[in-house]
Amino acid sequence: MTTSFPPLFPGMLLDAASRYAQDQAAAPQAGDAIAQMGWACTLVPEAAGGVGGSVADLAAIVEGLAMHGVQLPVVERCAVVPLLLQAAAPDVAGRWLQALCEGDVDIAPLTALADPLDQPAVTARHLDIGFELTGLVRGTQLSADTSHALVPALLDDGEPALFLVERERLPASAARYRSMEGRETVDVRLDRLALPEGACLARGAAAQAALEQADNAALVLTLADTVAALAALIQRTVAHLQERRQFGVALASFQVLRHRTADMYVRFLGARGLLVHALNEHQASGGAGPALRRTLRLAKLSLAETARACAEAAIQMHGGMGMSEEVLATRLAQRLLASEFRYGDRLHHAMHLHAHAAATSQPLLSRSAP
């Protein structure tokens, strides 16, 4: 029973992230790895002190962490935050992006991990002396080192806006809990939080475009995380079946288990192809556009089904060991299940696909669809 899993995004970024994840899995270290490794600068333009990299570069970091089951908010801090900050006026954006790269600030998006970025949970009322923010953000990730929160909101007239809020202004967490894949998340309730006029970084078309671009990047990187975790899960399952013995023979010799593993591998190959297609379209479109959005929604639907089926199969084939979080395969399975609910679950994306098809009289899938 042999399978082939070449790296999705080979190179130095993958190697560095993989080495860090291996060390962290063996002996967890304190500190902000994202700041220490300089990953927050990946998408920041060189003019603002960043690397000027691409989403594919971030995907390599995501792959290196996912294959070892290490959880860091790379998508949120390294993709969502820089892309949203670039919606501000050039001088304002440049100042904050440079501070981000130099480690002077630690900015986190105040958004629910389960919700699309273009559907904010916060509303903003424009006053004579500034703004008031109101809303409940469920399941967001704010670390102890977070210095600022980047808050998407809807203004009175329905147009989106982006606000940068100092951590000290935010109220205490309404609730704190651990997510399925092990993230420490909180609920934050804003009750007429008063902000000065300058806290609004962008509004209207600029904010809308930034939210769309950030959401698309987050979806692509979530797909990359899913495929990388899926590859690692299948490898761990194959190793388990080869090592464990029953009735005097290895579990890998049982035909029904071999067939089930082969089914997981075929699903993985399809998922990898979808990821490559989605990433190529993302790069070709500049990270925006209705065609890209449709591709990402369809990929999210397919990979969510694949991830759930493979996670359940791996847990079953691990037997009682599959119920222990000390086993890497279990943590990878949890990661796959949780990925379905990141930036909109499959039902959310299916609803929008059907609504678009009905509005345009276009079939959901066509013969030319990838």
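A residue counts as buried when its relative accessible area is under 20%. With that in hand, let's look at this predicted model, starting with its charged pairs.

Side chains of opposite charge can pair when their charged atoms come close. The structure holds 17 salt bridges, and the table shows three of them.

| Pair | Closest N to O distance |
|---|---|
| Arg335 and Asp225 | 2.9 Å |
| Glu340 and Arg308 | 3.2 Å |

Arg335 pairs with Asp225. Arg335 and Asp225 are both buried.

Glu340 pairs with Arg308. Because Glu340 sits in the loop between helix 9 and helix 10 (346–360) while Arg308 belongs to helix 8 (residues 290–317), the pair ties together parts that are 32 residues apart in sequence. Glu340 has 8% relative accessibility, so this residue counts as buried, whereas Arg308, at 28%, is partly exposed. Salt bridges with shared partners also join Glu76, Glu181, Arg183 and Arg342 into one network.

In the remaining pair of the table, Arg125 is partly exposed at 40% relative accessibility, and Glu132 is buried at 12%.

Now for some helix packing. The axes of helix 4 (residues 74–85) and helix 6 (residues 205–243) come within 8 Å and cross at roughly 160 degrees, which means that helix 4 is roughly antiparallel to helix 6. The crossing is right-handed. Among the residues that meet there are Val75, Leu83 and Leu84 from helix 4 and Ala210, Gln213 and Leu221 from helix 6. The contact comprises 11 nonpolar residues, one polar and no charged.

Methods:
Residues are numbered from 1 along each chain as its sequence is written. This is a predicted model: local features need pLDDT of at least 70, side-chain atom pairs count only at pLDDT 80 or more; totals for chains, interfaces and linings use all residues. Side-chain values use heavy atoms; hydrogens and water are left out. Axes are lines fitted to C-alpha atoms, for helices over the stretch in contact, and angles run from 0 to 180 degrees between N-to-C directions. Helices (H or I, at least four residues) and strands (E, at least two) are DSSP runs, numbered from the N terminus. Angles under 35 degrees count as roughly parallel, over 145 as roughly antiparallel, 65 to 115 as roughly perpendicular and the rest as oblique. A crossing is left-handed if the near helix is turned anticlockwise from the far one by less than a right angle, and right-handed if clockwise. Contact means heavy atoms within 4.5 Å. Ala, Val, Leu, Ile, Met, Phe, Trp, Tyr, Cys and Pro count as nonpolar, Asp, Glu, Lys and Arg as charged, and the others, Gly among them, as polar. A salt bridge is a side-chain nitrogen of Lys or Arg within 4 Å of a carboxyl oxygen of Asp or Glu. Buried means under 20% relative accessible area, exposed over 50%, partly exposed in between (1.4 Å probe, protein chains only).
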